[in-house]
Amino acid sequence: LFAGQTEFLKGVVAMAGMPPADRVEVCFAGRSNVGKSSLINALTGRKGLARASNTPGRTQEINFFTLGVERYLVDLPGYGYANAPLPVVEKWQRLLRQYLSGRQTLRRAFVLIDARHGIKKVDQEILALLDSSAVTFQVVITKADKIKEKDRSRVLDQVRGVLANHPAAFPEIVVTSSEKGDGIATLRSIIATLE
Ligand code: GDP
């Protein structure tokens with residue numbers, strides 16, 4: 001669906017650097033190592049596209065990709081780095097807050113959660129920020145292939161329990177595996193139908 005029409009546009013470190021808010025936009029957030037780059041690459045069908053955002057110097061940038069001419073896909077910096085210095089964390093939180101509350105065309109935030117870990121405290125902070133910014137968010141479980149079928153319902157129950165306390169939560173949870181391809185088509189069609 002998006003293959004061949006996704007391009008890296010730019011990485012920004014301040015609101016002023018963002019492209020004009022002139023089209024439907026979705027963003028992806030998640031702890032570092034949650035599988036965000038892999039998921040974006042699987043979604044867009046372009047290997048290595050989201051790699052740039054993983055190199056250390058670029059981790060604080062908000063990366064904009066075009067999906068055809070009608071949409072932006074926004075890759076937010078991974079959070080929860082164990083050794084990130086406080087000023088770096090604070091700068092990133094400020095930019096994130098500005099982005100989430102100031103971006104008129106942002107239709108949905110996809111919050112990635114590792115199937116093995118469920119929602120952690122550091123994820124809860126982002127969810128609270130999404131609530132207060134009134135940005136609808138949808139949980140995407142990643143690396144579903146890493147857990148057994150019987151453990152799936154336990155993770156889903158934990159996530160559902162947390163979502164019940166978040167007014168901005170979209171109730172449907174998308175279970176994905178970038179490795180096996182599970183859930184990728186579902187996620188694509190969700191993005192494609194947002195208006
Ligand atoms: P990011 O830091 O969130 O961008 O995470 P990456 O996409 O770089 O993935 C982190 C690690 O998890 C890498 O070693 C990936 O190969 C692995 N990974 C990502 N997605 C999957 C998946 O769906 N299944 C499995 N088994 N491993 C995955």
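This is a predicted model: local features need pLDDT of at least 70, side-chain atom pairs count only at pLDDT 80 or more; totals for chains, interfaces and linings use all residues.
Let's walk through how they are arranged.

**Overall fold**
- Starting at the N terminus, the elements follow the order β-β-α-β-β-α-β-α-β-α-β-α.
- The radius of gyration is 16 Å, close to the 16 Å that the globule rule gives for 195 residues, so the protein chain is as compact as a globular protein of that length.
- Along the principal axes, the C-alpha atoms fill a box of roughly 45 × 40 × 30 Å.
- Of the contacts with a separation of 6 or more, 76% are between residues 24 or more positions apart.

- Buried residues account for 34% of the 195 residues.
- The largest nonpolar core holds 41 residues, and Cys 27, Ala 29, Val 74, Val 111 and Leu 112 have the most contacts inside it.
- Strand S5 (residues 106-114) supplies the largest share of this core, with 6 residues.
- Leaving aside residues up to four places away in sequence, Val 74 touches Glu 25, Val 26, Cys 27, Ile 62, Asn 63 and Phe 64.

**Helix H2, side by side**
- Helix H2 (residues 86-102) has 17 residues and reaches 24 Å from its first C-alpha to its last, close to the 24 Å expected.
- Its buried residues are Trp 92, Leu 96, Tyr 99 and Leu 100.
- These residues cover an arc of only 90 degrees around the axis, which puts them on the same side of H2.
- Strand S3 (62-67) and helix H3 (121-133) are among the elements that cover the buried residues of H2.
- Exposed on the other side of H2 are Leu 86, Pro 87, Glu 90, Arg 94 and Gly 102.

Conventions. Residues are numbered from 1 along each chain as its sequence is written. A nonpolar core is a set of buried Ala, Val, Leu, Ile, Met, Phe, Trp, Tyr and Cys residues joined through C-beta atoms within 7 Å. A residue is buried if 20 or more other C-beta atoms lie within 10 Å of its own, exposed if 12 or fewer, and partly exposed in between; C-beta atoms are placed from the backbone. Helices (H or I, at least four residues) and strands (E, at least two) are DSSP runs, numbered from the N terminus. Two residues are in contact if their C-beta atoms, placed from the backbone, lie within 7 Å. The radius of gyration is taken over C-alpha atoms; the globule rule is 2.2 Å times the number of residues to the power 0.38. The expected span of a helix is 1.5 Å times one less than its number of residues. The arc is that of the directions from the helix axis to the C-beta atoms.
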